[in-house]
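Please look over the sequence and the structure shown here before reading on. The briefing that follows takes up the ligand, its pocket and the backbone in turn.

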Amino acid sequence: MMEIKLKAFAKINLGLDVLRRREDGYHEVRMIMQTISLYDKIVMQKLKQPEIQVKTNLFYVPENENNLAYQAAKLLMDEFGLESGVYIDLQKYIPVAAGMAGGSSDAAAVLYGMNQMFHLNLSKRELMKRGVKIGADVPYCIMRGTALAEGIGEKLSPLPPMPNCKVLVAKPPVSVSTKFVYENLKLEDTAAHPDIDILLAGLQEGNLRKIAANMGNMLESVTIPHYPVISEIRDEMLRSGALNAMMSGSGPTVFGLFEDEKQAEEACVSLREGDLAKQVYLTDIYNNRR
Ligand code: ATP
């Protein structure tokens, strides 16, 4: 196999709770992760020489060892002493530095692709174990679908699939540093903690309205006061008929869940015409696991 084409899907968080700060600086979380049908396109080609080349369509995404796709290829090349290399063409559609795990998903796809292309025979679980060395969200991006993520995000339990609906994704033109968000989080603020157990019950029942009504992201308590545009986008989605809308991960991307396709399309047009969001996509829930 000389060439392989892959899709690296984005995620949203239906629920994101932060439980505590660990001694090593990491945070213990309880999150409900969901894959959506928005993806980066990746083409991998074998190279004769043992090197890694990365090309992307965005000037602000690194093409060197700082790219998580590069790190994923390197990890398996080193471990298995591979004598041929890989060229990775990365067409980015997932908003960058946006709380949608774009880089982690690219890394997950490359681990999967290397395993196929070089016949490494690693199981999904073995790939996930290696993925966490690149980032806490990488194991989830290997698994995909609906999952509860605990620990630092790497302890995964598969959940019943989220009922399908339209997902409107909008990224405002601001940059939010994940480090800043976690450093300014007030864990003692009880009102900011979402009820993850009710969300889990909604998923068990396959009840979209119950899931939407109980979405919650603790990190909004830090980002919204600093970037009111996040709540402006959320409010616009709610006015347009979203069942609910919320920031994903550490932001600044906001997503809205819609039962009604026509309403979702109209909301998408109106956000694109306005100036709150720079990147706006209308997509769906994606539930196929790897
Ligand atoms: P998360 O939801 O896991 O916090 P994120 O959406 O905040 O992820 P990414 O889009 O993964 O963040 O990218 C964050 C930074 O990582 C970017 O600013 C970029 O410089 C770097 N990066 C490394 N590899 C990639 C990649 N393959 N795609 C996008 N950014 C990458």
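How do the residues of the lining of the largest pocket divide into nonpolar, polar and charged? In this predicted model, the lining is made up of 21 nonpolar, 14 polar and six charged residues. The space taken by the ligand is this largest pocket, and the points below therefore begin with the pocket, since a pocket is an open set of grid points with protein on both sides.

**The largest pocket**

- The largest pocket holds about 1,000 Å³ of space, and 41 residues line it, with Ala101, Ser104, Asp137, Thr178 and Ser250 being the closest to its centre.
- Two or more residues of this lining come from each of the strands β1 (3-21) and β2 (27-47) and from each of the helices α1 (68-80), α2 and α5 (178-183).

**The shell around the ligand**

- The ligand is surrounded by 18 residues, of which Asn67, Ala97, Ala101, Gly103 and Asp106 are the closest.
- When these shell residues are sorted by class, eight are nonpolar, six are polar and four are charged.
- Helix α2, which covers residues 102-117, gives the most to the shell, with four residues.

- On the backbone side, a polar backbone atom of alanine 97 lies 2.9 Å from an oxygen atom of the ligand, and a polar backbone atom of alanine 101 lies 2.8 Å from an oxygen atom of the ligand.
- Aspartate 106 takes part through its side chain, where a polar atom is found 2.9 Å from a nitrogen atom of the ligand.
- The ligand would expose 620 Å² if it were taken alone, and the protein buries 77% of that area.

**Backbone details to look for**

- Glycine 251 and proline 252 are joined by a cis peptide bond, for which omega is about 5°, and proline 252 belongs to the loop between β9 (244-247) and β10 (254-258).
- Histidine 119 is not a glycine, yet its phi is positive, at about 50°, and this histidine 119 is placed in the loop between α2 and α3 (124-131).

**Looking back**

- Which helix gives the most to the shell around the ligand? That helix is α2, and α2 is also among the elements that give two or more residues to the lining of the largest pocket.

Key
Residues numbered from 1 in each chain as written. Predicted model: local features only at pLDDT ≥ 70, side-chain atom pairs only at ≥ 80, totals over all residues. Heavy atoms only, no water. Near = heavy atom within 4 Å. Polar contact = N/O pair within 3.5 Å; in protein donor to acceptor, adjacent residues only side chain to side chain. Areas by Shrake-Rupley, 256 points an atom, 1.4 Å probe, with all protein chains shown as cover. 1 Å grid on protein atoms, 1.4 Å probe; cavity = no way out; pocket = protein on both sides within 12 Å on 5 of 7 lines; lining within 4 Å. Sits in = over half its atoms within 2 Å of the grid points. Nonpolar A, V, L, I, M, F, W, Y, C, P; charged D, E, K, R; others polar. Points joined across faces, edges and corners; volume = space filled by probe spheres on them.
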